[in-house]
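Okay, thanks for making the time, everyone. Let me put the model up, and then I'll walk you through the metal sites and a few side-chain contacts.

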Amino acid sequence: MNTQAIELPPSGEAAAVLLPDPGTVFLARAERFDALALHHGLGEWLAFLGRLSHAQHAALQASAQDITPPAEDVLERAAKHRMPPISVASYQRPAVWREILRNLVGDLLENAPVGARETLDGLLVTSAEELDKLGEKLLNGEPEGADMARLPYVAAAMQVVFTALASKLDAGALPLMEAHSTCPVCGSHPVVSVIRSDGPTAGLRYVHCTLCNTEWHVPHATCVSCGDRDKITLHEIDGDDGIARAESCGSCESYTKLIVQPKNVRVDPIADDLASVALDMLVDDAGFVRSGPNYLLIGAGES
Ligand SMILES: [Zn+2]
Ligand SMILES: [Zn+2]
């Protein structure tokens, strides 16, 4: 179907922007983490993140009605100037995010591993002002060593808020940004890309926002960071199941993973990214830098 070298937005019925379904996005992720945890060297950690994703699902169902999207005129102005309407750089974050964080932490504390307990306890007594500062550092700043252990939980709460916001927009009214690496909803970078297997998007590649779970189309064999198409190399681990691959770019020396949904319809961009950290090591060793972060991994190894 897609024989042209560059097709933007995708031809046919496939939408250029896919917004998250608030009823399923975190639940499907939780189930994928649970499944991956069963046969994995990092099983305990993946199972913990499965519990975090279940808690995110519950938090989103409980709080979605309290989170209102920007007014029509703000949305229209953003579209006209081709700016993300809920930009992490400028959007006033709803105060409910701190309540969501406390709920997530409360859920996790019920059965937390010893290593996480101190961080979780600490978050429950952190002031609103300090939490807002942490949120700002996550989204727009340079987090410091002492913040690292807390940031995945801060990120998890922000993911709930921004996913709720994204799910209330009209995908058809959202232009793609000039750079493939900029989310058309929140302006964050993608965590990975996914070769999709369903409906009109089957076979197409969409990148997945690390924050708001919006997906947007990027043509195959195109660098997500710089748009170059000439020095693209595919990497995978020999003997692996083929679900996770990495596409590196020799022009800007970045890479973006591909999660191949036709290999398993239940893949999840965030969970399958974390289950394939061995692939990151392989591509890092070859001298390439990831094009976008996985917020649930931020701070790993720095505690
Ligand atoms: Zn986004
Ligand atoms: Zn590049």
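So, start with two cysteines: Cys183 is buried, and Cys209 is buried as well (buried means under 20% relative accessible area, exposed over 50%, partly exposed in between, with a 1.4 Å probe and protein chains only). Before I go on, the housekeeping: this is a predicted model, where local features need pLDDT of at least 70, side-chain atom pairs count only at pLDDT 80 or more, and totals for chains, interfaces and linings use all residues. Residues are numbered from 1 along each chain as its sequence is written, chains are lettered from A and ligands numbered from 1 in the order in which they are written, and side-chain values use heavy atoms, with hydrogens and water left out.

What holds the zinc ion (ligand 1)? Its protein donors are Cys183, Cys186, Cys209 and Cys212, each through SG, at 2.3 to 2.4 Å; a donor here is an N, O or S atom within 2.8 Å of the metal (3.2 Å for Na, K and Ca), and water is not among the atoms, so sites may look incomplete. The angles among the 4 donor atoms run from 98 to 120°, and the site is tetrahedral, meaning four donors with all angles between 85 and 135 degrees. For reference, the ideal tetrahedral angle is 109.5 degrees. Along the chain the spacing reads C-x2-C-x22-C-x2-C. Cys183 is in the loop between α7 (151-167) and β2 (190-195) and Cys209 is in strand β3 (residues 205-209), so this pair ties together parts 26 residues apart in sequence; helices (H or I, at least four residues) and strands (E, at least two) are DSSP runs, numbered from the N terminus. Cys186 also counts as buried, at 0% relative accessibility.

Now the zinc ion (ligand 2). Cys223, Cys226, Cys249 and Cys252 give their SG atoms, lying 2.3 Å from the zinc ion (ligand 2). That site is tetrahedral, with angles of 105 to 115°, and its donors follow C-x2-C-x22-C-x2-C. Cys223 sits in the loop between β4 (215-217) and β5 (232-235), and Cys249 in strand β6 (residues 244-249), so they tie together parts 26 residues apart in sequence. Cys223 and Cys249 are both buried.

Last up, the rings. Phe48 and Tyr153 form an edge-to-face pair, 6.5 Å centre to centre with 80° between the planes (centres within 6.5 Å for Phe, Tyr and the six-membered ring of Trp; planes under 30 degrees apart are stacked, over 60 edge-to-face, the rest tilted). Phe48 is in helix α2 (residues 43-63) and Tyr153 in helix α7, 105 residues apart, and both are buried.

Notes:
Four donors count as tetrahedral if all angles lie between 85 and 135 degrees; four count as square planar and six as octahedral if opposite donors are over 155 degrees apart and all others between 65 and 115; anything else is irregular.
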